[in-house]
Amino acid sequence: MILEKQYTMRISGAEAVIRCLLEEGVDLVYGYPGGAIMPVYDELYKFQDQLHHVLVRHEQGATHAAQGYARATGKVGVAIATSGPGATNLVTGIADAQIDSTPMVCITGQVGRHLLGSDAFQETDIIGISTPVTKWNFQVTEASQIPGIIAKAFYIARSGRPGPVLIDITKNAQFDEFEFSYEKCTGIRSYVPVPKLNLEKVAEAAALINSAKKPLIVFGQGIILGQAEAEFKAVIEKSGIPSAWTILGLSALPTDHPLNVGMLGMHGNYAPNLLTNECDVLIAFGMRFDDRVTGNLNTYAKQAKVVHFEIDPAEIDKNVKTEIAVLGDVKESLAALLPLLEAKSHDLWHNEFKALREVEFNTVIKEELNPTNGKGISMGETVEMINKHSKGDAIIVTDVGQHQMFACRYAKFNSTKSNITSGGLGTMGFALPAAIGAKMGKPEREVVAIIGDGGFQMTIQELGTIFQTQVPVKIVILNNEFLGMVRQWQELFFDNRYASTKMINPNFVAIAEGYHIKSKKVTSRDDLDEAVAEMLASKESYFLEVMVEKENNVFPMIPTGACVSEIRLS
């Protein structure tokens, strides 16, 4: 490791943990105490003026809150838990962070070194359990290891393609004293987080892009993680290329930008999905060609030459064969690409997108945003009402399901890091704690959590965290009394056999009021506008339940295993 040496003092391992976090600029952690991590919590108490700890109601909530904080701020989120069930309860959030490239450091307590492997009380092999879902993990058994391992953990978590790191610290290592000094890690031998940019490949990519008649850009979260929004905007505006996004790429480009042609994937927009199989050059920036985006790989963009700008070599040719791969930091790559591009408009090609957009609007969007024929409130019109009052300036945090797809399709964003959702893992229960983290990370911004009635009940206990911390999160429950996405599939592909998807729900408003959160329930369209306005005007947390159409479906839709050009409008 390449380190920067600082001061020396004799302290316990537990105090060293806190001092290391402070050295890394951490001022906020989420966690839940227990026996094996108690020495660290004792030091947290002593350092509470410098390092704020948020007591969640379940360890999974700690990881999701840390994720929300990281996604909203670009910093490393931190979660702490005890051994055994405390550690294993972190695993879902860690797996979510791994697949969505979220920088996070998790610290778990462990039984004493002399008890390892003895099946002691609350002992689990969290290193073995978490190895497949972490970017790196390590078990500390001696106090003197703590500074170097934590320094390495933060460097790995935030560098290159970000991800979660777990450090498991035995109890003896927390109690033992040693001569402490902290040295930030700035490099690790054999670990190359950012490949060196090959300017010849950039030139080859530019030449191919300049020759294209029907180019299409697809962009993902890599633009946001690489802080390359300005460079990306400059490239698309000069090249005039229509640009479509994955759900994690949403908000990297303002939704009303004229070159933004919408969402890719299973419930994405009609035009970008259909025309993926008609473009002649497909240019991917910071995305991994996930199956939800590509559909059937055997029929995905076979007519196109693919250019892939990517930081992680493992993603090149993993799913989609590339003509040209440009490895490196996307910000640097875009800056090198820009002067080599020819200024174009591609008007005829854009007209094809506009025509298909009109088809989608008349077939799907118009009815979704303005339901007729006596239908109940739709999820789409609720999201549109939030747009009206937030003016596209809010951070929208979504859970997983139909409401997530409606929110991603219809929410408006003016600035980056505004869409926070569980993408690759699809974790129900993500939104409520993630919204807490996002609001604490960005207190100056409005944060609205849009959640289904199913996912809400998976982490409903985090209302207690909101009550205790008084964090002013706005919560919107779109209640259709179903596990909506599963029910939609049952309707379309399983002959309307609604097996275990109907929800018998409690009185959500009464529960929220039990946590002293101001609440309202909307059952009539006539009350929706006023209720959303009241929610967003509130200076405190607010809970809004909207009873929506029970059996509404989200379209367009690409059936599982189908080709992107087989996208259905109904």
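Helices (H or I, at least four residues) and strands (E, at least two) are DSSP runs, numbered from the N terminus. The model is predicted: local features need pLDDT of at least 70, side-chain atom pairs count only at pLDDT 80 or more, and totals for chains, interfaces and linings use all residues. Residue numbers start from 1 along each chain as its sequence is written, and side-chain values use heavy atoms, leaving out hydrogens and water.

**View 1. Thr 427 in its loop.** Thr 427 sits in the loop between strand 18 (419–420) and helix 18 (431–441). Its relative accessible area is 6%, so Thr 427 is buried (under 20%; exposed is over 50%, partly exposed in between; 1.4 Å probe, protein chains only). Neighbours within four places in sequence aside, Thr 427 is in contact (heavy atoms within 4.5 Å) with Gln 60, His 64, Thr 92, Asp 96, Asp 399, Val 400 and Ser 422.

**View 2. Helix 17 and its partner, helix 15.** Helix 17 (residues 402–410) is largely enclosed by the rest of the structure, because 9 of its 9 residues are buried. Helix 15 (residues 347–369) packs against helix 17 at about 110°, with the axes 13 Å apart. That makes helix 15 roughly perpendicular to helix 17 (65 to 115 degrees). Axes are lines fitted to C-alpha atoms, for helices over the stretch in contact; angles run from 0 to 180 degrees between N-to-C directions. Helix 15 contributes Glu 360, Val 364, Ile 365, Glu 368 and Leu 369 to the contact, and helix 17 contributes Phe 406, Arg 409 and Tyr 410.

**View 3. The sheet with edge strands 18 and 21.** This open sheet has 6 strands in the order 18-17-19-20-22-21, with parallel pairing (two strands pair if DSSP finds at least two bridges between them). Strand 18 and strand 21 (518–522) are the edges, each pairing on one side only. Strand 21 joins strand 22 (residues 542–547) through 5 bridges, in the parallel sense. Ser 519 stands opposite Phe 543 of strand 22. Helix 18 lies across strand 17 (395–398), strand 18, strand 19 (447–452) and strand 20 (474–479), at about 175° to strand 19.

**View 4. The sheet with edge strands 13 and 16.** Here 6 strands form an open, parallel-paired sheet in the order 13-12-11-14-15-16. Its edge strands are strand 13 (260–263) and strand 16 (324–327). On average, neighbouring strands of this sheet are turned by 20° against each other, direction ignored. Strand 11 (residues 215–219) runs parallel to strand 12 (residues 243–245), joined by 3 bridges. Val 218 stands opposite Ala 244 in strand 12.

How values were computed
Angles under 35 degrees count as roughly parallel, over 145 as roughly antiparallel, 65 to 115 as roughly perpendicular and the rest as oblique.
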